[in-house]
Amino acid sequence: MDPELPANSPAMSSSDGGPSSASASASPPRRLVFAFYLTGHGFGHATRAIEVVRHLIAAGHEVHVSTAVPEFVFTAELRSPRVHVRKVLLDCGAVQSDPLTVDPLASLEKYHQTAVVPRESILKTEAEWLGAVKADLVVSDVVPVVCRAAADAGIRSVCIGNFSWDYIYAEYIVAAGYHHRSIVWQIAEDYSHCEILLRLPGYCPMPAFRDVTDVPLVVRGLHKSRSEVRKDLGIAENAKVVIFNFGGQPAGWKLKQEWLPDGWICLVCGASDSQELPPNFIKLAKDTYTPDVMAASDCMLGKVGYGTASEALAYKLPFVFVRRDYFNEEPFLRNLLEHYQNSIEMIRRDFLSGHWKPYLLRALTLQPCYDGPINGGQVAARTLQDIAVGKKCVSDKFNGARRLQDAIVLGYQLQRTPGKDVEIPDWYSLSAPEIGAHPILENIEKEGSAESCCENFEILHGDLQGLTDTMTFFKSLSGLAGSEFKNSEVQSRERTAASVLFDWEREIYIARAPGRLDVMGGIADYSGSLVLQLPLREACHVAIQRNHPSKQKLWKHAQARQLEKEGVVPVVQIVSFGSDLSHRAPTFDMDLSDFMDGDKPISYEKARRFFCQDPSQKWAAYVAGTILILMTELGVQFADSMSILVSSAVPEGKGVSSSASVEVATMSAIAAAYGLNITPRDLALLCQKVENHVVGAPCGVMDQMTSACGEANKLLAMLCQPAEVKELVTIPNHMRFWGLDSGIRHSVGGGDYGSVRIGTYMGRKMIKCAASDIVLVSSASDASARSNDYKENGRDVLSSEASMEYLCNLPPHRYEAAYSKDIPEIITGDAFLEKYGDHNDMVTVIDPKRSYSVKAPTRHPIYENFRVETFKALLTAANTDEQLAALGELMYQCHYSYNACGLGSDGTDRLVNLVQEMQHRKTREDGSPSLFGAKITGGGSGGSVCVIGKNCLESTEEIAEIQQRYKAATGYQPILFDGSSPGAGKFGHLKIRWRRPSSPIA
């Protein structure tokens, strides 16, 4: 026995029921020195590191721990002179605004300051220190830069973990900080110097590592029995106990007695000294050994992390979790917990409002069944020792396939592949040996054709119109209704919820709305421009069923909420496919009474706050917000409950109107189900209100209009004043349009889009005021010299400009002649408000402390409207290269005008430059290019570009070459948008019912 370890240490007992082992090896070769680097991201990494270190020192080795985690975390558990703790900050993990929310951009910026700026100093310092302590092996959990430092020092390195920071930060870059993308490449390069990854269960994709070996769960052992813990806390053996485990609790979380079922007790971890708790809540001491308390509890309420997940599995403790935002490892840990029937999700809204009881009671019905080994600390220590003395410990002979699979799953997350449900694939196994035992192809579900699935439904109204994506949606519905899915062992959470969403004996209404490719017009839509928009092949399908509240099939927590209200009220339940690897909760539900304030609908501002309560469910504003708009704008009263299924193949953040397609499809389905006669144009305007007022995104109307009113293979020519469809322009057979996604996430709710819109409206206000001043001065009896301008331009023209509603009604020559010289490049918000009062835009607010660009945002829509009118006229010109070149030039001009407004991006510029290179290369070679122009689309600041070219095989090959060259330069394969489909109005709606199997003939 090692005298430096307590007798009740896990090193002295076998946590997994096997024979005890006090060391990493029965006869260690010699005393080794391990340099163990530990990320400062949370205590979960520290608790698992302690178990590994415990076994290393039990084997007689020396361990130097380098970390930003407080030293007491280690000294409280490891009382040995062979453990040395060195305080050093080499990474920062994720910056959290509260225990449930990460700030992606702040995380990237902090990592940049922590590990990128001082990188050369870190490498030099750590290499020298490793030499000074004579380290035999560097172990990292999972600090990237030390793998490179170890290589520089000539020392082997090993990583241990269930995720790596390149994977975590990749999503942060997509979401918020593309300009920090070099961080991910550098981290991946650092990890490539690591010799092997000791991969823990619940792992994320980690393609940067060359070799992998899997180790069991690393779990802290127990010090006390259940009875001892309860006796110490004064809790009866038969009392129901939930442990509340969220780390440090923010001051705003005020726990209440009535939140617990009668007779229950809640043990609170991490409560502050000043926090007051109700009598049925017990504050645990700071030094409480959490595993003992977990094992003595009946369930746990907390957030999912490796420490909580692994110990809940090990001690078969039902885990009620609240989803966190931008914790990218969470979906994989959830997958692990759910595989072993160990967890249920509590909706954040219910958590914050204290609606805990139904979840806690459901937790008691779980039957956790994890029976795998939990001696990962011992196994990892033994493996580290073997590697340190030169043994080869790679157990994964399928590393090539493993890295490919990791890359594919990473691609699922970052690209949101069109037409695919974004979820953890069934073949992405819980452990590496399963990959070897079950090759990918054997796990792919053998499904019938989409056409045969359509036969499972009776189509009571409407027509599939030969749309393959609609057939695929039928196939998905068939899987939910059929016994084949119900008997499946592996079900995603969203499909599990969707399988009980509908009453298959009743009618279901289906609507379809496509995304759109912005060919010309873009952000000038809110200034009244003519726009040309192409409805895409990719679309959103929404299925809805209405039921009397007493007959509605409810999820269990919704049932409990109804019981508490002692009455049956209409409920809306929504499932969104494609959420498992995103940061959306897959389901949303609410009582429709939540939309009422007395006998009137709630205000839009109140609704916006309602949906913002839980960021993981904010997506529901696009869906449920259509209900509130119909109630408020049309006075529709909804007495029935609704079940809504949303399945969209329009990828998010690509600038192709994924949000508009969801809004239009949802409202179209609701209108069909409730017999509302709404024209496509009016429906589009209502959907714009959803986005402007409920979601809070200041978009124009062209997205919704295209999704609602568009037709396949035709450009919707619309004058946005506010929404007048001029005509549907047939695309000439000799030309073609494509969309290419830059991989940089676009959002009309983003700051750049909003500030440019504000600058545009500021410019309009300045022009109107200038025109008014000229009219007033020239009308006065003592007319000044400016009256000459008045006489020259005419009173009617100036009066029209003084009352101008849409900036695009000002011709470019009038702007240059009368106003351009007086429009400032920039102006501060307070200076504008002091001089002009307001900018007269209903959906944006001026920040007095911010500076706004004015000249470029004002000039853009004036010239863009002229470009679009010219573009439309040229479409009917003769089929020549000159025609295509002129159209392409107009697109290039639009692109650079976006850039002048501050709405460009590196990715979209690169794609446009590649198109230009192709065009000019072909011109030099034979004088006949195939591609002629390109421009950024929609709201800009990332997203996609639109490309124009000849409708020929050669242009298609060049588009493919652009994709490959972009990937070679950036590592990202652009999604290609190619093809068109009808808008929601042209599609209409489907009314279907599950076809009962016919009775056999006697």
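Helices here are DSSP runs of H or I with at least four residues, and strands are runs of E with at least two, numbered from the N terminus. The model is predicted.

**Exercise 1. Overall composition**

Describe the secondary structure, burial and surface of the protein chain.

Solution. 
- Step 1. By that definition of runs, the protein chain holds 37 helices and 32 strands.
- Step 2. The chain has 1002 residues, and 59% of them count as buried.
- Step 3. Its accessible surface is about 38700 Å², with 51% belonging to carbon and sulfur atoms.
- Step 4. Take the contacts between residues at least 6 apart in sequence: 72% of these join residues at least 24 apart.

**Exercise 2. The surroundings of strand β30**

Which strands pair with β30, and in which sense?

Solution. 
- Step 1. Locate the strand: β30 covers residues 944-950.
- Step 2. One partner is strand β26, residues 735-741, which pairs with β30 in the antiparallel sense over seven bridges. Within this part, L740 has V945 of β30 as its bridge partner.
- Step 3. Another partner is strand β29, residues 931-936, joined to β30 by five bridges and also antiparallel. Here G933 has I948 of β30 as its bridge partner.
- Step 4. Check the cover: seven of the seven residues of β30 are buried.

**Exercise 3. E825, buried or exposed?**

Classify E825 as buried or exposed, and list what it touches beyond its sequence neighbours.

Solution. 
- Step 1. E825 sits in the loop between α31 (812-819) and β27 (826-828).
- Step 2. The relative accessible area of E825 is 54%, and the cut-off for exposed is over 50%, so E825 is exposed.
- Step 3. With neighbours within four places in sequence left aside, E825 is in contact with Y852, S853, V854 and K855.

**Exercise 4. Aromatic pairs**

Assign a geometry to the pairs F244 with F351 and F457 with F474, and say where each residue lies.

Solution. 
- Step 1. The count of aromatic pairs comes to 29.
- Step 2. For F244 and F351, the ring centres are 6.1 Å apart and the planes make an angle of 15°. Planes under 30 degrees apart count as stacked, and this pair is stacked.
- Step 3. F244 belongs to strand β10 (residues 241-245) and F351 to helix α12 (residues 348-353); the pair links distant parts of the chain, 107 residues apart. Both F244 and F351 are buried.
- Step 4. For F457 and F474, the values are 5.5 Å centre to centre and 90° between the planes, and the pair is edge-to-face.
- Step 5. F457 lies in strand β16 (residues 457-461) and F474 in helix α19 (residues 468-481), so this pair ties together parts 17 residues apart in sequence.
- Step 6. Buried means under 20% relative accessible area. F457 has 1% and therefore counts as buried, and F474, at 0%, is buried too.
- Step 7. Ring pairs also build a cluster, which consists of F244, F246, W259, F281, F351 and W356.

**Exercise 5. Charges over rings**

What are the distances from R48 to the ring centre of Y306 and from R324 to that of F327?

Solution. 
- Step 1. R48 lies over the face of Y306, 4.8 Å from the ring centre.
- Step 2. R324 places its charged end over the ring of F327, at 3.5 Å from the centre.
- Step 3. The distance cut-off for such an arrangement is within 6 Å of the ring centre.

Notes:
Residues are numbered from 1 along each chain as its sequence is written. This is a predicted model: local features need pLDDT of at least 70, side-chain atom pairs count only at pLDDT 80 or more; totals for chains, interfaces and linings use all residues. Side-chain values use heavy atoms; hydrogens and water are left out. Buried means under 20% relative accessible area, exposed over 50%, partly exposed in between (1.4 Å probe, protein chains only). Contact means heavy atoms within 4.5 Å. Accessible areas come from the Shrake-Rupley method with a 1.4 Å probe; for residues, only the protein chains shown count as cover. Two strands pair if DSSP finds at least two bridges between them. Rings of Phe, Tyr and Trp (its six-membered ring) pair if their centres lie within 6.5 Å; planes under 30 degrees apart count as stacked, over 60 as edge-to-face and the rest as tilted. A charge sits over a ring if NZ of Lys or CZ of Arg is within 6 Å of the ring centre and within 35 degrees of the ring normal.
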